[in-house]
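Hello,

Here is the structure I promised to pass on.

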Amino acid sequence: MGLDLARAAEPAALYQDHCASCHGAQRTGGMGPALLPESLERLRRAEAIQVITAGRVATQMAGYGDKLSKDEIAALAQWITTPVVPAPAWSEADIRASRTADPAAANLPAKPVWNADPMNLFVVVEGGDHHVSLVDGDRFERIHRFASRFALHGGPKFTPDGRHVFFGSRDGWITKYDLWNLAVVAEVRAGLSMRNVAVSGDGRWVMAANYLPHSVVLFDAELNLVKTYAAATRDGKASSRVSAVYDAAPRRSFVVALKDLPELWEISYDPKAEPIFDGYVHDYKMGEGIAAPGYLGVRRTLLDEPLDDFFFDAAYRHALGATRPRDGVGPRAQVVNLDIRRKIAELPIAGMPHLGSGITFAWNGTTVLASPNLKDGALDVIDTRTWKSVKTIPTPGPGFFLRSHEKTPYAWTDSMMSPTAKDTLTIVDKRTLEPVAQVREPGRTLAHIEFTKDGRYALASVWETDGALVVYDAATFKEVKRLPMSKPVGKYNVWNKITRSEGTSH
């Protein structure tokens with residue numbers, strides 16, 4: 001294929017000539033993934049150049065190193081990280097039209113076709129080549145491996161029986177996968193750039209949090225569209241990207257954080273949810289004011305600053321969230337009471353707490369929360385009764401993940417944000433709040449712990465393209481086994497997730 005020399009200098013023209021047929025005229029995706037800055041924020045420029053030059057193994061992405069010059073490839077790699085103007089739209093009609101489903105799924109066997117404990121299954125997301133591995137948590141052997149959508153993000157979410165898992169991709173696709181029958185049973189595209197998905201505690205609902213468009217989208221369990229919510233102020237004058245959505249199962253609701261607006265939403269899926277009163281009411285018990293339906297309605301908590309990410313305390317009464325630096329003000333952490341709908345405290349945490357990976361556990365007659373820190377080498381431990389600091393535990397460098405289990409006295413954290421300590425996991429005794437051990441993978445990134453359902457083994461990721469899943473004895477911290485994998489960015493134990501095990505992400 002010859003190139004017009006006048007067009008060769010224009011990356012937009014290069015894109016139309018070579019990329020649009022697979023990735024869409026507006027870069028919104030097609031046979032290939034979306035190429036939008038919102039969905040490529042973790043793709044390094046060097047990696048983009050390598051993919052355009054050499055292609056992707058085991059995909060339909062061919063290399064263009066023999067068709068384009070190095071300068072043209074570099075221009076393309078830079079161009080796909082620039083915004084599309086005007087921003088592409090994604091309507092309810094687009095969502096409905098994107099849905100596909102296997103009509104035979106209802107007749108698939110209601111038991112695993114493989115021989116292992118389905119409750120001790122690990123779902124491992126391999127970001128290096130966009131695959132998912134299913135691993136037996138007793139024998140630590142791979143059961144199955146299959147290709148996923150591009151750039152899964154936000155952690156897979158399970159139905160209460162552990163049979164189905166929902167994956168969300170950065171470019172907006174939700175995939176429903178039958179773990180027992182090793183089959184995709186439905187897919188839908190909720191948006192063009194998505195942060196994560198949540199599944200209701202009763203398994204009836206799936207909710208997606210979008211960056212583009214600014215929306216929250218509700219589906220039933222078969223991924224049929226139920227409702228879209230514009231992520232906007234009540235008067236509609238300002239809108240926002242959506243930071244995250246999580247299920248608060250004991251409350252029978254989804255909780256939603258908005259990245260650009262100081263609001264926290266709660267959307268109840270309880271048919272008996274009380275009416276919602278926005279604004280001031282003298283006495284809501286007397287029926288004053290105009291109420292909105294509580295069932296699937298938006299219950300807004302107005303804040304001083306937006307929450308970037310959050311998690312819940314053990315009782316699910318409070319959302320604990322971090323705010324990004326803005327307008328000259330440094331990052332902060334706040335406690336939001338979901339019942340009275342207001343901020344009740346600020347957490348005394350310096351640096352940039354990563355509360356989305358926080359955990360809670362019992363300590364000295366109270367419950368404490370512990371959070372890794374994206375900026376400082378520290379774990380901060382806070383008393384959830386007083387919201388005061390209990391201790392700051394030093395670590396070798398800034399970390400992203402903190403994990404534990406109710407049947408182990410230890411919590412494990414990484415320092416993966418540190419260029420010098422990214423190869424080290426620090427193990428902290430939850431009884432004494434003291435570091436007691438480290439495990440290392442010299443020169444490589446070691447991160448993201450998840451435990452077996454009995455808490456006896458801790459699985460870590462060597463977060464490299466030629467990486468591995470490493471199994472440690474959770475009592476002795478000795479390596480037991482490793483499985484080669486392609487950048488295993490996360491692993492998720494079915495039992496721990498569906499039981500909301502202490503010390504894991506929910």
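Two strands pair if DSSP finds at least two bridges between them. Keep that in mind for the strands below. Note also that this is a predicted model.

E2 and E3 form a hairpin, with four residues between them. His-130 sits in that turn and has a positive phi of about 60°. Strand E2 covers residues 121-126 and runs antiparallel to E3, joined to it by six bridges.

Val-132 stands opposite Phe-146 of E4. E3 and E4 also make a hairpin with four residues between them. Here the turn holds Phe-140, with a positive phi of about 55°.

Is E3 buried or exposed? Six of the six residues of E3 (residues 131-136) are buried, so the strand is largely enclosed by the rest of the structure. Both faces are covered. His-131, Ser-133 and Val-135 are buried on one side. Val-132, Leu-134 and Asp-136 are buried on the other.

**Helices H2 and H5**

Two packed helices are described by the angle between their axes and the distance between the axes. For H2 (residues 11-18) and H5 (residues 70-79), the axes come within 9 Å and cross at roughly 95°. That makes H2 roughly perpendicular to H5. H2 contributes Pro-11, Ala-12, Leu-14 and Tyr-15 to the contact. H5 contributes Glu-72, Ala-75, Leu-76 and Trp-79. Seven of the contact residues are nonpolar, one is charged and none is polar.

**The sheet E13 to E16**

Four strands form an open sheet in the order E13-E14-E15-E16, with antiparallel pairing. Which strands stand at the edges? They are E13 (242-248) and E16 (298-302). Each has a single partner strand, so one side of each is left without a neighbour in the sheet. The twist averages 20° from one strand to the next.

Inside this sheet, E14 (residues 253-258) and E15 (residues 263-268) pair in the antiparallel sense over five bridges. Val-255 stands opposite Glu-266 in E15.

**Pro-419**

Pro-419 lies in the loop between strand E26 (410-414) and strand E27 (424-429). Its relative accessibility is 73%, so Pro-419 counts as exposed. The C-alpha atoms of Pro-419 and Asp-270 are separated by 46 Å. Along the chain, the two residues are 149 residues apart.

Best wishes

Note on methods. Residues numbered from 1 in each chain as written. Predicted model: local features only at pLDDT ≥ 70, side-chain atom pairs only at ≥ 80, totals over all residues. Heavy atoms only, no water. Axes fitted to C-alpha atoms, helices over the stretch in contact; angles between N-to-C directions. Helix = DSSP H or I, 4+ residues; strand = E, 2+ residues; numbered from the N terminus. Parallel < 35°, antiparallel > 145°, perpendicular 65-115°, else oblique. Contact = heavy atoms within 4.5 Å. Nonpolar A, V, L, I, M, F, W, Y, C, P; charged D, E, K, R; others polar. Buried < 20%, exposed > 50% of the residue type's maximum accessible area, 1.4 Å probe, protein only.
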